[in-house]
Structure formats: C-alpha cells, structure tokens
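Let's take a walk through this structure together, one interface at a time. Please keep the sequence and the 3D view open as you read.

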Amino acid sequence: MSAQYDDGTILLDDATLERFHRATGGEAWPCYQCGTCTATCPWGRVRQEPLLVRTLMRNAQLGIDEDGESLWLCTSCGICEDRCPRGVPIVRILRALRSLAWKDRRIPEGLPSVLWAVHRDGNPYSLPPCERTRWADDLEVKEFEPTDEMLLYLGCTASYDRRIQKVARSVVGGLRAAGVQFGTLGASEPCCGETALAMGQTAFAAEIAEANAKLFAARGVKTVVTISPHCFDMFQNHTPRLDEGFEALHYTQFLARLVSAGRLVCRGSFPRRVAFHDPCYLGRRNGEYDAPRTVLESIPGAEIVELEESRAGALCCGAGGGRMFLETPVGERFSDLRVRQAANAGAEVLATACPFCITCLEESAPQVDQPLKVMDVAEIAARALEPEGADVEATASGR
Amino acid sequence: MNPASNNGLRTIVCLKVVPRPEEVRVDAETMTLDRAGAQSFINPPDLNALETALKLKDACGGEVSILSMGPPFFEPYLRLALAVGADRAFLLSDRAFGGADTLATTYTLAKGVEKIGAFDLVLCGEESLDGATAQVPPGLAEWLDVAQVTCALEIEKVPGKREMRVQRELKGGSETLSVDLPAVVSVKANVNEPRFIDYDRMEWALQEAPVGVWGAGDLATDPELTGLAGSPTTVAGVRQVATPDRRRKHLSGSAGEIARALADLLRTQTGSRGG
Amino acid sequence: MAASLIRPEEAQRIWVWLEHDGTSLEGVSLELLAKGRELADRSGEGLVGLLMGHELDSLADEALGYGADEIVVAEDPLLEVYTTDAWCDAAAQVVLEKKPNILLFGATPDGRDLAGRLAVRLRTGLTADCTDLEIKTDEPALMLAAEVTGFGGGVAAIIACKENRPQMATVRPGVFRPALRRSHGEEGVQSRCPVRIDPGRVRTRVLERRIGEAVDITKAEALVVGGRGVKGDFGLLETLAGLLGAELGASRVAVDEGWIEKDRMIGQTGSVTRPKVAIVCGVSGAMQFTVGIMEADTVVAINSDPEAPIFESADYCVVDDLFSILPPLIRELENSR
C-alpha cells in the first residue's frame, strides 16, 4: 500500500508499483502530466470538481492505489485519449486500474451482481436466456445459417429492453426491405462481454470473447452485424479472429452499404429537422462517423443539422464504461447537456445509433422546452421506407 | 490455499446446484419433473452464504470448505465456488442418495460434515430455489446436535470466545442472538452482494484444487436413512403451474368502474380483509 | 426406512402450533385453525391448538374461541422468548406425550425454524411452505395431502407422508382465510402439558429485539409506486398505501426530482422488490425500472400514455390519468373498511 500524507508527501511502495506496472504494461509512462485529459473530460462540465484524469495517470505511473470513486466515473468516451498529445491509451489504463481494484475489492456496490448475471444468465439484466427471443416473437426471424449474408447480433439490451426492441424490429424492417438474407442465434445468443471489459474484469471478458470467437467459427459466421456499438467494438477490437475473412459491422455501416448499393431505398419521407448524436463507441473508438449520416441523408425530407459538438468532438451520453449500471446523480448527467445542444441546433428529432445513448438521451429529453424526440437511425429509416409514412416497425409486428 | 490458523474459523458452506426454474418441465404422462433440458446454476442464496463465510475469513482467518450433495455434474459448480474464494470442496455423490427428502438429505449432509472433521460454523443459503423448503439448515443442526440460527441477516464473531453474534430476521423486525459454536446458520437471500469470481484463482480451482467425492461407503451411511429409502415423504403428483408471464389485461370503463374493479382485485391480492 | 418415534396407529388428532407475540395470535395461526377445523370436520378427528410460552393465561382463554376442540398449554420461564433449543425440546416432549397425527405450523421465520428441527428429532416427514392442504379420506389412515410449489412457482406438487407420524407441514401465511371468533358456549377445553427444559441445552440467547423499524421496500408485501406522472404529489399514493398496508416506492425520475427519499427507489440502481402486488402509477417503465418489479406476483399499472412500456410488464393495465383513478379507488377501499 502506498500512502499519502496531509503535507502532500507520498510514500511509495515497491510491491504496489510493480503490480501497477504489470497491470498497465507501463503504458502510462509516456504521460507528461500536461492535464489536457482532465481539461477535456466531460465530468468537469457537470461537477465542481472535475474527474482528475491526470492524477489517475500519475497514480498509474507511481503505483498509488487511492483512486476511490473517481476510477469508476470514467465513461470510456475516449475524448481525453483523442486529445492526448502523447497518445496515452488512457481508457485501457483505467481499465487495468479497475482490474486491480477488483482484486482489492474496492468496487462500487452493484457491479459484482451485474457480472454474476452475465456469468449465470448471459446478460447483465438477470433475465432468463429463454426470453432472449421475445423481441421477435411475431417477426419469424430465422436461425442463422452459413449461407446467410450476415448474422444479426442483437446484444442483451436490444433483446430484453422493450424500448430498444423497437430499434431491433426497425433494423429487421430495413434488412427485409433490402432483401437481405440473415439470421440470428436465437435464445443461444451469448453476451458480447463488453460490460465485463468496461468494468475491468479483463480475464472474464477474454473468456467470453474466446468462447464467442469459437461460436462464430463453428456456426460459419463471416459477417456479424450488431445493434449496439458496444458489441461492435467488442467483436471488432477485443474478440480473437479465428477466421481471416471474419468481419464485424455496426448496423449503420451495413445499412450504409445497402444504401450505396441501391438496395435500400426509402420511398417515403421523414420531414423533420434531425440532429445526429455520435455514440462514442461508434465514432471516436472506431472512427465511424459517416455511415449513420449516409443512412440519414438517404431519407427524403430529413433535414440534417449538426450538433455543436459532433463527430470526433462529440459529447458522451454518460453511459459507457459500465456507468449504465451505476447511479449518476441529478445535475451530473452528460445527456442533459446533450439534449440542450440538440434544442439549440433547432432539432425536432435527436437521432443516435446506440441503445445506451437512446436510454440516457430519452430520459433527459423532457428537460428541454421544445418537443424533442429521441430516435434510432434505424427507426427513422423504417418510418421512411414506404410512402404515406406507413410504419414498417408496426407492419412487421403484424398489428 | 491458506492453511487454517489455530484461532481462525473452520466454516463449511452448503451449496446446492439448481436447474433454471423457467426451464423445468413437468412430464404430463409420468408425472415427474424433466430437468434434462434445463441449465443449472448455484442456488443464489448459497452464494450469499459463501460471501458471509469469506467475509468472516477475511476478518478472523480460518478455512472455508464447500459441501454439496448431488450428481457428479455438480463438480464444476463446486470448482467455481473455489475460484470465488473457498479453500476446498466435498461432493456427496452416490446413487443411494438419490430421491432424498429433507430428512434423508440432512442425515447425509450431517455425515458429510462429520467426515470433514471439526468445524465451527456451517452456513447455508436460506432456502433453495427449486424446493424452497428452508428445512435443511434446522434439520442438519438437529442431526449434528448443535445450535442453529435461521434467517440470518448479519453474522460476526465475538472476539476471544467460541461465540457468534447473529442478527436474525423476524416477522416485521429482527433480533440479535448470541450463539454458541459450533452452529448451523442459514443466511437470508440478498443480505450481501456475493463477490465475483477471482480469475487469478481460476487455474488452481479448475485443475489443482482438492474436490473430495464421497459415496455411501466413504460416509458409512445407514442405507435405511439415505435416499428414497430414508425419505418419509413421497410425491403423490406434480403439475405445471401457469407461466408467471404478465397477463396484460386492460381494465376499461369509467373511472368509477375501473376503481371498483381495482378495489376488488386489491382486496384479494393484499389479503386485506376489510381492515 | 427408519420408523418415526410415533407409530401411525397411536397417532391422533390434527394439531396446530399457535404462534403469538405474547398478547395475540399470529394471523397465520388463525388461518390454520380455520383450515384445521375444516379438515377435522371432514375426517371426524379432533382439532388441537398447541400454545407454548410463559404466563399465557389470558392468551389461552383467547385461543379457545377460534374453533379448536382443545387448547394444550405448555409453559416454562425459558419459553418467554423464542429460542430454537428451548422450544424444540418443549415441543418434542408435548408431541411424544400427546402423539398428534397431523401437526401444522405457519411458514413464518420461527415456524420454519422450529418445524425443521422438530421433524428430524421425531424422525418424520415435513412438507414445507404448503399452499393447500387436503385430507385423503379414502386412505386407510388419515392422510394429509399437502400442495407445495417449487421452481419459482412454476411447478406444484402434492406431498404425502404415509408411514411416519406426525405428518408435519408448514403453511404459507395468507393462503387460507382466518378463523372467526366463535360465540360463547362453542369454545373448546383447555389443558396443560408440563415440560422440562434444561437451561444448559439452550445454545442461543436473545440479546435484543427490534420490531417495525426503518423502511425496507424489498420486504414490502405491497407497494404503491409513483413516477414522473405523479407530478410531485405523492399524497394520493400515500393514502392508498395506508389503506393497503403498503409501502411507497418510486421510479428514478421521482427520486431525482426530490419528490421522495432515495431509499424508496426501485430498479437497476435502486432496489429489486418482491411484493405480492405493486400498483405502479405514472411510471413509463424503462427496463432499468422494470427489473425492480420483475419478481412481483401481480403488477397493476396506471398510466395515461397507452404506448408506455410499463403495460408490457403489468398484469392489469389502466390507460388513464392516475389523478382520476386514485380518488375513486381510495373511496372504494375506505367504504369497504
């Protein structure tokens, strides 16, 4: 244990230092403590005391295990990393510090239960695996076969969360309109493991990733298309590639390809002012800014406006890095700032493409004076597929 | 991994593996339960018991053993408990133990506890998800002729004495007891948050950790007292109960009509008998 | 099989263990007296109530009025508060002396604590947490058929104990209607059964008891829950909760707005609750909320938005403004008191 005294003296401990270096792989060393990270962190905009990212990097360098709550505030939005002049992989270092905190049992209440749920139920919501296909009860979505164009991977939130199930149904509507041959893994679809990774349970996440890689290989999956950018990031960057031809895509990327190929054509219209909120895991973490905009721009009538902070500078919704499973007090939610930006841009619809972003933004939306509807890109596309505003999501449900 | 220190607690945690309740089917013809297709997991309150044991070990040292009775496929779940933090595990497994009710189960578990050796504390989850009888801990205490506390909320060791202080749930409140050791204590579900698997222990737990598997011969059990033979109760019939899926029934009409319908509903649901 | 200490042919009558707080009987004991009476009448057996404790005179008189043919009183200073060892020793002595055929307990913390141990001491069968009881009159000996549920309520089984006596069962509170007080002249008789308890065998000591303290919505049997739709006014919900003996719960929005304390928050970052019934008013029903009521037996949802996802998670759905439904509902419940 290292110790910090009132006069500012820090007593370092060799064993802790060694432990920290092993966990972080020394990746914090290039940091020269300029503080750009602390200055750019969104927490500074909702709290008197910002999240001291620079201090966390210093702690990682010196082996100081006194992070307390601050270690668990990071939403892994990656804006600090993007601006870091030394290219320090800050999010990865924080994850390593979290993994050490698990070892020492310095863990916020509630997180172990979320991980047990992932371990036992295959989803972080403690819901039975047999209910995983409920979202598609009346859609007749078939099991994936190797001859299919792609595997549609729902992910836990789109499978179980009734709000996000609507997004999944809209994606299905779009795929069907474009004549895509696809299937799902049904009730045997596993969790992608991103929750475990974000919380610093790197070994557990690796175990899940390895099992998933084997599953994809065994089932003959070449292309997996996800609803959530978090699952996409997991498959793209943290899941071993057993097959060279394997490709992970976010659904906006797949839809954008269909649009460019002329396979997905919106015959209806969506005459609204739409602003797009870049999900961190799609944008900054994976560099995809254009695909969702390509889809939105293909929709007749939609007037696309840009938010004050967009693309690489996008403000996080606040739910990444495991924050979805921790309480954020009123007045400290990034999504409150984001919906105000949408209102300032004159948007009627705030579009995004991530289940967590939808949940947070929708909760904050009533705070702005003018009506602001939060929709997924897929939902907007599904609305505009047919003339006269026929609702494809509803049609697909057979209502 | 850690040897028991002289003054540490020797704790045995009883652990059961239960099938996913929603996947258990009743075979209408044979009137038996079909668990074959069901996935299993560690009975959730047993993880609360394990967490209690590990916290006590953190505080006063000692050793935590896992004890379970069931078929060989339970073993990986016992190893999971070892990866969470337990030191060793024992599985009582024999065809002769099959079909046991609580009398036969508690007899067999008691023989297992005796074979493990001297102990201070046996911790159990409050009840199992499948049987939900909550009768194993008191029955086990009786066979072992030791003190018992059920529905425990908090447990702490009294320093320097062979005694625990246990807060126990009562109807509408709680009581604090002092309990002589050794004792059997059942832990309420959800009283703590079970720590997650320690992946640094995983390799040891899966490969090296000792898991003793004991049959009727090892325990020298009386065949008249184990399994089906030792069970005074019999299952006269089983049936599937309607799925707990939400009914989504819409109540319509004027506000007054809806209020009357709701009032009738609430009177039966809350068992409020006219105040 | 090892025989029970009591032989079937010597066992007689239906017994109910009467739980009490020193001044009045537990609700479940009254329920068991009513059900026991019904079973006794059907089988032609007698019904006995077993009252254990210390200085029980007035309670014994009270207990006589609920349909038992006899109240057996076992008193000892060591039975003043419940401890497993003292009560199990005393109960075993009474049972071995009187040889009941059927012995019923409420499935309360103390009822389960005692019954589980006593059954093993008597080497007999115990059916736990029953949801129904029946007497099989076609069997040679008076046989109890007890219904239990398992696997999270998905499977019901009928359990019988054919050869061992007494046939013991714990019964879930609230499944039977309680016995009504009988008029004078219809009461049973009272008798005493002496017991001897060795204080050296009592291995637990009660240091402190606390009844009815801080709110814990996870233990509430009924909940009235408010969300954004209550618009800052929990008054009606509080009145309704009072009438139902329910606790107040809230969604995150209601807590965020400062309308109610945080320890009443339900959901992913609040509490997971398990009430018999939850009345959910003006909550839209995001999954972060509904995971907290997933284990409620019955969910009633009131919301003016017909599209609110809460209706997917409800048993009874009322698409209306809570401010127009709650006042007449409160009047209905008040009138029926």
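A salt bridge here is a side-chain nitrogen of Lys or Arg within 4 Å of a carboxyl oxygen of Asp or Glu. By this rule, the interface of chain C and chain B holds 12 salt bridges. You can look one of them up: Arg168(B) and Asp113(C) join their side chains at 4.0 Å, N to O.

Before going further, a word on what you are looking at. This is a predicted model, in which local features need pLDDT of at least 70 and side-chain atom pairs count only at pLDDT 80 or more, while totals for chains, interfaces and linings use all residues. Residues are numbered from 1 along each chain as its sequence is written, chains are lettered from A and ligands numbered from 1 in the order in which they are written, and side-chain values use heavy atoms, with hydrogens and water left out.

Let's stay with chains C and B. In contact (heavy atoms within 4.5 Å) are 88 residues of chain C and 82 residues of chain B. Together the two chains bury about 7,100 Å², with 54% of it on carbon and sulfur atoms; buried area is the accessible area (1.4 Å probe) that two parts lose on being put together, summed over both.

Strands also link these chains. Strand β14 (residues 233–240) of chain B pairs with strand β7 (residues 155–161) of chain C in the antiparallel sense, over seven bridges. Such strands are DSSP runs (E, at least two residues), as helices are (H or I, at least four), numbered from the N terminus, and two strands pair if DSSP finds at least two bridges between them. Within β7(C), Ala157(C) is the bridge partner of Val238(B).

Now turn to chains B and A. Here the contact takes 20 residues from chain B and 22 residues from chain A, and the buried area is about 1,700 Å², of which carbon and sulfur atoms give 55%. On the chain B side, Glu193(B), Phe196(B) and Tyr199(B) lose the most area to chain A, together 40% of what that side buries.

Charged side chains meet here too: chain B and chain A share five salt bridges. In one of these, Lys103(A) reaches Asp200(B) at 3.3 Å, N to O. Among the helices of chain B, α1 (44–60) and α2 (75–84) each supply at least two residues of the side that touches chain A, and α1(B) gives the most, with three residues.
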